[in-house]
Amino acid sequence: QVQLAESGGALVQVGGSLRLTCVVSGSVPGIEFMTWYREASGKQRELVAKITKTGVTTYADSLKGRFTISRDDAKNTLYLQMEKLKSEDTGVYYCNLKQVISMNEGYSYWGQGTQVTVST
């Protein structure tokens with residue numbers, strides 16, 4: 001059974017930094033990409049950053065230069081380094097894994113989320 005567990009969320013002041021971690025447990029062949037999303041109160045969940053199986057990264061335009069996504073395959077861990085945090089970065093951050101088994105079979109897994117609160 002695949003499980004994703006995020007951690008690292010905290011209360012931090014504007015301008016501060018945090019590193020979020022997502023640990024993947026269980027055997028997961030065929031990982032196509034992994035993504036960080038976030039959801040602010042009263043808003044839709046939005047994509048933050050994505051990293052493909054080949055290491056290609058993409059970011060939400062508004063976050064480029066402040067956030068960095070990376071992974072450690074040996075540890076089955078995904079990271080999100082967040083710098084120069086703003087109050088609008090507040091929200092619950094979720095890790096997502098997209099697994100592709102074949103052309104007609106794929107799965108998407110979510111973690112439970114970790115709360116990031118940026119205070120002024």
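Biologist: What makes you say that Ala60 touches Leu47 and Val48?

Modeller: Contact means heavy atoms within 4.5 Å. Leaving aside residues up to four places away in sequence, Ala60 touches Leu47 and Val48. Keep in mind that this is a predicted model, where local features need pLDDT of at least 70 and side-chain atom pairs count only at pLDDT 80 or more, while totals for chains, interfaces and linings use all residues. Residues are numbered from 1 along each chain as its sequence is written, and side-chain values use heavy atoms, with hydrogens and water left out.

Biologist: Where does Ala60 lie, and why is Ala60 called buried?

Modeller: You'll find Ala60 in the loop between β6 (57-59) and β7. Strands are DSSP runs of E with at least two residues, helices are runs of H or I with at least four, and both are numbered from the N terminus. As for burial, the label goes by relative accessible area with a 1.4 Å probe and protein chains only: under 20% is buried, over 50% is exposed, and in between is partly exposed. Ala60 has 17%, so Ala60 counts as buried.

Biologist: What are Asn76 and Lys84 called on that scale, and why?

Modeller: Asn76 sits at 42% relative accessibility, so Asn76 counts as partly exposed. Lys84 comes out at 60%, so Lys84 counts as exposed. Asn76 is in the loop between β7 and β8, and Lys84 is in the loop between β8 and β9 (91-102).

Biologist: What stands out about the phi of Asn76?

Modeller: Most residues other than glycine have a negative phi. Asn76, which isn't a glycine, has a positive phi near 50 degrees. Lys84 also has a positive phi near 50 degrees.

Biologist: What makes something the largest pocket here, and what is its volume?

Modeller: On a 1 Å grid over the protein atoms alone, a pocket is an open set of points where a 1.4 Å probe fits, with protein on both sides within 12 Å along at least five of seven lines; lining residues have an atom within 4 Å of a point. Volume is the space filled by probe spheres set on the points, which are joined across faces, edges and corners. By that count, the largest pocket has about 230 Å³. Its lining has 16 residues, and the closest to the centre are Ile31, Met34, Arg71, Asp73 and Asn76. β4 gives the most to that lining, with three residues.

Biologist: How do the residues of that lining divide?

Modeller: Ala, Val, Leu, Ile, Met, Phe, Trp, Tyr, Cys and Pro count as nonpolar, Asp, Glu, Lys and Arg as charged, and the others, Gly among them, as polar. On those terms, the lining of the largest pocket has seven nonpolar, five polar and four charged residues. For the second largest pocket, at about 150 Å³, the lining divides into one nonpolar, four polar and five charged. Arg38, Glu39 and Lys43 are among the residues that line the second largest pocket.
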